[in-house]
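We will go through a few local features one by one.

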Amino acid sequence: MEGGSPDQESVGSGTKRSTVSSGSRPRNRKEFFYRFIDCEIFTANLEDWFQSLFEKSATNKPAFDGPFELIELQKFDYALEGVSFQQLIRMPNAVYASTSDAAEATAYLAVEDFLHATVKGLWEAFWSQDEPMPFSVACLYKENLKFYQAEKAIASGKLESLCGTGVLLKNPRHPHGKWDNLLELALLRPDIRSLDVETEPRPSLHVLGEALFYALRMLTSRSLSRQNIPVGSNTVFVLLVDSQYGGVVKVEGDVNKLDFDVNNVYECAADWIQRHARIAVSPVDRIWNKLGNANWGDIGALQVTFATFYCIMQFAGLPKHSIEDLAADHGSRLQTRRMERKLGDTRVNGGGLFRFQQHGVSPEIVEVQDESVKIDSEDSLKLEVGSVLWLEDSNWERGYQINQVKSNGELPYYIVSPVEDPGKSLFLYVGSPPSQLEPAWEDMNLWYQVQRQTKVLTIMKQKGLSSKYLPQLSASGRIIHPGQCRRPSSGGNCDHPWCGTPILVTSPVGQTVADMVSEGHFGADEAIRCCHDCLSALSTASSDGIRHGDIRPENVICVRSGERHPYFVLIGWGHAILEDRDRPAMNLHFSSTYALQEGKLCSASDAESLVYMLYFASGGALPDLDSVEGALQWRETSWSRRLIQQKLGDVSTVLKAFADYVDSLCGTPYPMDYDIWLRRLKRSIHEEDHGKEIEEST
């Protein structure tokens with residue numbers, strides 16, 4: 001790949017040659033960028049690493065993780081249900097793909113249309129329907145690494161040297177685009193399926209190497225730019241597409257750790273990829289069908305669209321309407337569709353167990369009379385007071401009698417007693433049955449409440465994280481349904497609607513802070529003790545890098561039974577952060593500022609959420625929030641006017657001081673000093689209890 005004529009106005013708008021002189025590191029970085037232009041040389045430097053990477057990989061295990069969790073894509077899919085993407089006029093011809101210049105030209109036009117429709121649909125749905133879209137789409141010409149509109153590039157004879165299509169921030173001063181204005185790049189390649197990590201044990205180095213080459217150019221150009229990128233400038237996405245399929249390559253890393261040796265460009269670049277880059281590769285899946293129509297709802301288009309959403313957020317900031325805001329309407333839309341299609345609703349206590357009702361099929365369109373849907377009572381999962389539920393737990397069968405049916409405001413859960421120990425009380429959570437006809441928004445919350453929380457509590461138990469202020473895993477497994485289970489020996493479930501339903505049982509049992517507040521039982525003493533006990537739980541979990549991510553009144557309980565002094569337990573660990581790619585729950589009232597802005601937690605995020613919970617539980621005004629933007633504005637106003645500190649100061653001086661401490665720490669990389677605040681809160685509890693002892697976490 002040879003350099004062409006330089007764009008003198010802009011750093012990074014094309015390729016540019018100059019001589020190297022001794023100078024500052026920024027100048028070396030700039031020269032490094034101009035010299036980093038040959039993808040083939042770069043890829044050749046990665047061959048040994050690529051070979052060793054797959055030799056070390058386990059058999060049949062992908063060498064790279066996926067860029068997205070399936071639960072993230074599911075939530076995003078729910079959010080897109082109400083989004084109308086522009087109808088595509090130009091479509092790739094899959095039948096004759098890559099057999100002629102005309103077919104290749106059509107493919108570039110189709111990719112350009114697809115990306116434009118994607119960006120436009122996302123912008124109007126999440127950011128603004130009134131403001132014009134600040135992005136454009138253009139093709140990358142590899143001879144000079146500049147961007148041109150597909151039609152103009154093809155008309156001027158540049159088709160053979162086109163290598164990709166980019167989404168760029170509009171910049172009238174630079175009609176051929178600047179690399180630091182590039183949101184994402186889609187590479188059009190006929191051999192894209194060689195990158196399928198699910199079907200191919202060895203992805204093509206040629207395809208992946210090219211993606212990594214352009215990803216590093218994007219990261220380097222951003223490090224040279226004076227432009228402010230609001231969110232995640234250290235992450236880039238490269239799309240890989242052909243006339244039918246598509247995938248996503250995500251590259252993340254601090255480019256400041258790159259050795260910008262201008263005399264050894266490609267070796268330094270390859271070294272950075274091997275030592276400092278985090279690479280994720282998605283499965284390759286279908287985007288266009290054989291007729292060329294985009295399958296917007298399929299996983300292939302969904303993961304490409306999700307990557308584009310992240311890229312827009314990097315340059316435009318957080319959307320006015322979050323994914324959670326739009327996805328929240330999924331339940332009502334789903335129920336409407338079920339009513340239209342005569343799907344029987346056998347919902348029990350807010351859960352989602354639905355069965356399909358067969359109707360006769362007529363070759364003609366006929367009017368269907370409204371009629372009640374009859375459901376076999378044996379198919380519905382009825383969990384009522386007095387019912388006994390049996391659980392299969394590691395080849396053991398355990399029975400639990402339901403004593404109370406509770407709700408956390410969204411989902412049901414149960415207070416039960418083991419059949420062999422009727423005097424003991426436990427919390428029991430029931431997941432969504434695998435036989436569910438269609439996943440619902442509530443079922444995703446059930447997944448966090450049951451399966452994900454089971455995983456977190458199991459990890460805590462394995463790592464020896466023990467505290468009276470943390471919930472304890474009592475049992476987990478699958479429900480034992482009535483009748484004979486005909487589950488295949490190879491795994492899976494039988495055809496019974498209950499088969500495989502996950503169950504989680506925890507201890508201890510107590511009253512939620514939400515219920516205490518509604519009954520007027522949450523006073524100053526409870527607020528101080530609650531703060532101490534929750535901080536103790538957070539301290540224990542954070543000692544092994546685990547953060548809660550969903551602190552709210554429904555996830556804190558007060559335990560009184562069998563205790564001389566009541567104490568609080570932090571429950572609801574389904575959204576806990578175990579690793580960097582995990583995302584916390586989004587709650588407009590209780591999420592930390594950093595979580596709303598970045599979708600991640602800083603060291604003080606859980607403490608900030610705890611402060612909001614104590615503020616509202618102690619009588620603080622609960623604002624009417626309907627967007628992330630409004631929630632951030634409320635936080636900024638409340639902290640700047642010290643409204644939160646003043647309210648907590650009415651409860652206790654130590655809570656006011658704690659709020660001040662959290663305010664000073666929010667958004668910074670500095671760690672929480674749990675010990676000093678546990679000691680101060682403990683002294684306050686001693687003063688209130690006239691010297692009574694409280695237990696510390698272990």
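The model is predicted, and local features are taken only where pLDDT is at least 70.

Start with the backbone. Most residues other than glycine have a negative phi, and most peptide bonds are trans. Exceptions to that pattern deserve a look.

The peptide bond between S507 and P508 is cis, with omega about 0°. P508 sits in a loop. That loop runs between strand 16 (502-507) and strand 17 (511-512).

L145 is not a glycine, yet its phi is positive, near 55°. Find L145 in the loop between strand 1 (135-141) and strand 2 (146-148). Is L145 buried or exposed? Its relative accessible area is 0%. Buried means under 20%, so L145 is buried.

R642 also has a positive phi, about 60°, and is not a glycine. R642 is placed in the loop between helix 17 and helix 18. Its relative accessibility is 34%.

Helix 17 covers residues 628-640, and helix 18 covers residues 643-651. Their axes come within 5 Å. They cross at roughly 60°. Angles of 65 to 115 degrees would count as roughly perpendicular, and those under 35 as roughly parallel. Helix 17 and helix 18 are therefore oblique to each other.

Which residues meet where helix 17 touches helix 18? Helix 17 supplies W634, S638 and W639. Helix 18 supplies L643, I644 and Q645. Of the residues in this contact, four are nonpolar, two are polar and none is charged.

Now move on to helix 19, residues 653-665.

Look at burial along helix 19. Its buried residues are V654, L655, F658, A659, Y661, V662 and L665. Seen down the helix axis, these buried residues fall within an arc of 160°, so they line one face of helix 19. What lies on the other side of helix 19? There, T653 and S664 are exposed.

Methods
Residues are numbered from 1 along each chain as its sequence is written. This is a predicted model: local features need pLDDT of at least 70, side-chain atom pairs count only at pLDDT 80 or more; totals for chains, interfaces and linings use all residues. Side-chain values use heavy atoms; hydrogens and water are left out. Axes are lines fitted to C-alpha atoms, for helices over the stretch in contact, and angles run from 0 to 180 degrees between N-to-C directions. Helices (H or I, at least four residues) and strands (E, at least two) are DSSP runs, numbered from the N terminus. Angles under 35 degrees count as roughly parallel, over 145 as roughly antiparallel, 65 to 115 as roughly perpendicular and the rest as oblique. Contact means heavy atoms within 4.5 Å. Ala, Val, Leu, Ile, Met, Phe, Trp, Tyr, Cys and Pro count as nonpolar, Asp, Glu, Lys and Arg as charged, and the others, Gly among them, as polar. Buried means under 20% relative accessible area, exposed over 50%, partly exposed in between (1.4 Å probe, protein chains only). The expected span of a helix is 1.5 Å times one less than its number of residues. The arc is that of the directions from the helix axis to the C-beta atoms.
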